[in-house]
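These are my notebook entries from a first reading of the structure shown below. I set down what I looked up, topic by topic.

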Amino acid sequence: MPALLILIPLLAILALNLPWKSLMNRLAFWVGLALCLVQTGLALQPQSRFWHSPSLWLGNLLLFEPSVDHLSLVMFLAIGIVGAVTLFVCRYSTACAGNRFMVINVLILALTGMNGVVLANDLFSLYVFLEITAVASYILIAFEKGRDAFEGAFKYLILSAVATVMILAALALLMLTAGDLSFAAIQAAIASSPHSRVVLAAIALLMVGLFIKGGLVPFHGWLPDAYSAAPAAASVLLAGIVTKTTGIYTLIRLVTSVIGYNDTLQTLLLFVGAASMLIGALAALGQSDFKRMLAYSSISQVGYMVLGLGAGTVLGMVGAIFHLFNHAIFKSLLFVNAAAVEQQSGTRDMNRMGGLAEKMPVTGWTSVVAFLSTAGIPPLAGFWSKLIIIVALWEAGYTTYAALAVLASLLTLAYFLSMQRRVFFGKLAAGFESLKEGNLWILVPACVLALITIGIGVGIPWLFETFMLPIRSLL
Amino acid sequence: MNVRFLLVPILLPIVAGVLALLFRNRQGKACAWFCTAVTATQLAITASFFGQEWNLILPWGAFGWQFALKLTPFSNFILLAAAVFGFLICLYSAAFMNGKRFLNQYYGYFLFTLGLVNGAVLADNLIVLLFFWESLLLTLFGMIVIGHPGAFKTAVKACIISGVADLCLLVGIGMTIYLAGTMTISQIHLPVGGLNSVAFIFLMIGAMAKAGAMPFHSWIPDAAVDAPLPFMALLPGALDKLLGIYFLTRISLDIFVLTPLSWLSPLLMIIGSITILLAVMMALIQKDYKRLLSFHAISQVGYMILGIGTAVPVGIVGGLFHMINNVIYKSGLFLTGGAVEKQAGATDLAKLGGLGTRMPVTFLCFIILAASISGVPPFNGFFSKELVYDGALEAGRTWHVGWTFYAAALLGSFFTAASFLKLGHAAFLGKPNTDPAKVREAPMTMLIPMIIITALCILFGVWNALPLERLIQPILGEHRLEGHTFAGWPASMTLVILTVVVLVGAFLNHLWGAKRSGSGLGAADHIHYAPGLHPLYDRAERRLFDPYEIGLKITNGIARIAWGIDRGIDYLYDTAAVKITYALTNGIRKAHTGSLFAYLSWSLAGLILIIALILGGI
């Protein structure tokens, strides 16, 4: 009955918009949280009947029969966790109950879209859910109606539209060849005519479309503006999970189950991955806006995932997915911290801050956990996923890319150390004497995410056996 | 007695040393008497070992290493000598060190040193030997550094020089273990030649440096000024000689089998001769009581090395006899120096003079000790030097210019005599420079050790059969001696006459020099300021020839180069890498103008390239 992951949120939105306004305003947060937590709980039980029983009457409303594997479970888990965190951040940063109600509605819509993306097993459904997620994202970014917010949303909109055009064109070309858009049919079509120019053009268009969605260099122009202009909750959701689901998960799914590896594709993935990793990291080094720096850091981390995927081995793919999950955790945590800092201090300009850890110890120290994990410092979660990616690259013979991955790790450490130094450590900057730590709505998710990062890092031997290796069934 | 008693000479001083460290500084007297009692016990125990031959093997550590100790006539002899001088110097210290700082540390290190030396001498396993030998570095450092606040530099110098030599010893021991296939000293008998010679040289460096031969000597004159005086009498005066020459003899006699025909034998003799001459020449021009003695502590080692290096029985017996004689008169001389320092308040010869009448016992001891070291019959130094001369001539017969070793040794005697005439004249005779009423004879606890030591000088001279036949000749064993005995009056009357001529020459030289300069202190000035020698002396006094200083300069040079390289690497990381990174960062920042048009064009360009790649690539 996995189809319920799409249908129940949809029904929840409908129910929330029933005419008991004040009650619904209060209920919205809890409904959303319940949805996220149930999803998280289910994802943690791969043996549950929920995943394996066929759809009943409600599930038949969908036009396709969803399929679930370990990769999907990891995604559901990440979506559930980041969704819950986003709700907390929303609760913390959006003061007006009416606005909050609307944000939560759109948020649940975005969750629906992402769940759909993960469940889809034909290209058209995939396209539809991508659009649902994208539309929800535009609204979330532009929600506070500032000039920057509109600019960010507009750039995202335009580039996403370009991506949509490309994906649709690819769909059309594949439809021409295969006559059907289900993954299996397309896979068969590609296998039967691997040198057909139409198929190749379709693959190229599809790739570029997904690269734009995932924000890979040189298709990343929209991403820094969108992430930094979005309201706190929206940027957590976007950076943590939306672009990773719509861009990277789809890329992994299509490359592994539909297109299949070949040398050219691997070269492309490795090159784009490395370029994103390095340029993202270098650009992050030059930022003084907290959230913009995190945005560039996201580009860089996405580069790692694509690099892992490009290695073309089971280990590389496991590393990519593992890093995707870890990234969802630690990048959400960093954006949560950024939200707390922005809300408490009123600024995102790192040059004006300093010594905030003195006043905001929890934020400061969870940020240390997050950035050390991002930079790949043992024994935190990020270390293991990066290690797996680098080992996979090395074993596959791509030693130069492995070396670049290590180098980018150094750059990551450099810009995060500079961030930590400028924002949290050192002497308290002038004007922050009366600064206070955020309230529990922001501290609880920060602590939970930090604990997850540490827990995964410490518990890696067990996790690797039970969660990571089963993913190999994909290949 | 139980074999395990062998552990007592090692453990007793070390445990007692720990206890000594527990004393408070104001309990100095108690600490001193406690240590004197310990050393007396030690002496009694080692004396009771006499005539025994024991083997003690205990399992130790991993790899099948054994803590093996072996009591042989030789180690017994060294053990006994160490115990005698440990006791005498400890007794002397009770008065001399009274009221000084860090007394508990002084006595603690004193006892540790005794225990460690005993351990090194008893060791029958190369690793055990190395352990005790290297541990001596700690007490060496400790005893110098407590001398006075400025002694730190000298302590470091002593520690580094000895450390370098000990490193050579370590290498030598490693090689020996590899070559012999065993660590048990008494089972190793390697012929010299090839790699074995290299191992021998490394071990030899360790042994000679411990004894204080050139070029590992340069810390001794500095320590003479900086360290507490009994330390000089104990370590460079006595224990270092015992241990270094003991080990040199062991490696020459049984660990390796040195023959007069191998090139190692002349090598040792050359080192010995050079050490004799250079050190005594330096001693001659010293103007400080202790510093002058310290150069003799170096010079006399030359005789021992020369003697052992001959590899003929008479030379080896002479070398060993000279070792024990040297320990006796050199520690005795240091003790007279200490008495002068304590009573007259100075050791600078320019400030001394006329002490002979005020300190008659000390003066008398000094005369006999100085006569011994100069080789005046019938004191002990005369007999051992004659044996060394004999050996040098016998070994030298093999080569064309073999007599030069003898000549060098004889010339050394001349300068030794000259420098002691100068020292005695300047300190004890002549016009008093200090208020004589203030200077009194040294206290009894200082006099007794001096008198005993002086008596030993006479005893070992007049009745030289006692040390030679009872102690030294058994070390070589009957198979080497072939029925010879070296006791009694020297065999060659010609050599004795030559020696006497040289001594008379030294006396006349002194009279002439003293008359020329008008004082005892200036008696050697005509040699000091002789044309040709003067600039050399000048440079030596400025330490231009000190291997340590030269080493320091080289090290500083290397350090400067390394620093430059380090700066370069730092520049690469800290400046160049950062600059390049930020140049890239700025370029990327400039490219991100925020213009949607730019971003769209990138995307389209990327699309075109990717389509070209995918369509073209397959």
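Predicted model: local features only at pLDDT ≥ 70, side-chain atom pairs only at ≥ 80, totals over all residues.

**Entry 1: a covered helix**

I looked up helix α10 of chain A, residues 222-229, and found it mostly covered, with eight of its eight residues buried. The buried residues of α10(A) are W222(A), L223(A), P224(A), D225(A), A226(A), Y227(A), S228(A) and A229(A).

**Entry 2: one residue in chain A**

I next turned to M75(A), which lies in helix α4 of chain A, residues 70-93. Is M75(A) buried or exposed? Its relative accessibility is 1%, and because buried means under 20%, M75(A) counts as buried. I then listed its contacts, leaving aside neighbours within four places in sequence: V118(A), I241(A), T245(A), Y249(A) and L324(A). For Y249(A) I noted the separation from M75(A) as well: 174 residues in sequence, and 8.0 Å in space from C-alpha to C-alpha.

**Entry 3: a strand pair in chain B**

In chain B I examined strand β1, residues 54-59. I recall that side chains in a regular strand alternate between the two faces of the sheet. The covered face of β1(B) carries W54(B), L56(B) and L58(B), while N55(B), I57(B) and P59(B) make up the uncovered face. I found β1(B) paired with strand β2 of chain B, residues 66-71, in the antiparallel sense over six bridges. On the covered face, L56(B) stands opposite L69(B) of β2(B).

**Entry 4: where the chains meet**

How many residues of chain A are in contact with chain B? I recorded 34 residues of chain A, in contact with 22 residues of chain B. The area buried between the two chains is about 2500 Å², and carbon and sulfur atoms give 80% of this area. Of the area that chain A buries against chain B, L200(A), T264(A) and L282(A) supply 20%, more than any other three residues.

I followed L282(A) into helix α12 of chain A. The axis of α12(A), residues 263-285, comes within 8 Å of the axis of helix α23 of chain B, residues 547-591, and the two cross at roughly 95°. Angles of 65 to 115 degrees count as roughly perpendicular, so α12(A) is roughly perpendicular to α23(B). From α12(A), the residues I279(A), L282(A), A283(A) and L285(A) meet T581(B), Y582(B), L584(B), T585(B) and I588(B) of α23(B). I sorted the residues of this contact into seven nonpolar, two polar and no charged.

Key
Residues numbered from 1 in each chain as written. Chains lettered and ligands numbered in written order. Heavy atoms only, no water. Buried < 20%, exposed > 50% of the residue type's maximum accessible area, 1.4 Å probe, protein only. Helix = DSSP H or I, 4+ residues; strand = E, 2+ residues; numbered from the N terminus. Axes fitted to C-alpha atoms, helices over the stretch in contact; angles between N-to-C directions. Parallel < 35°, antiparallel > 145°, perpendicular 65-115°, else oblique. Contact = heavy atoms within 4.5 Å. Nonpolar A, V, L, I, M, F, W, Y, C, P; charged D, E, K, R; others polar. Pairing = 2+ DSSP bridges. Buried area = accessible area lost by both parts, 1.4 Å probe.
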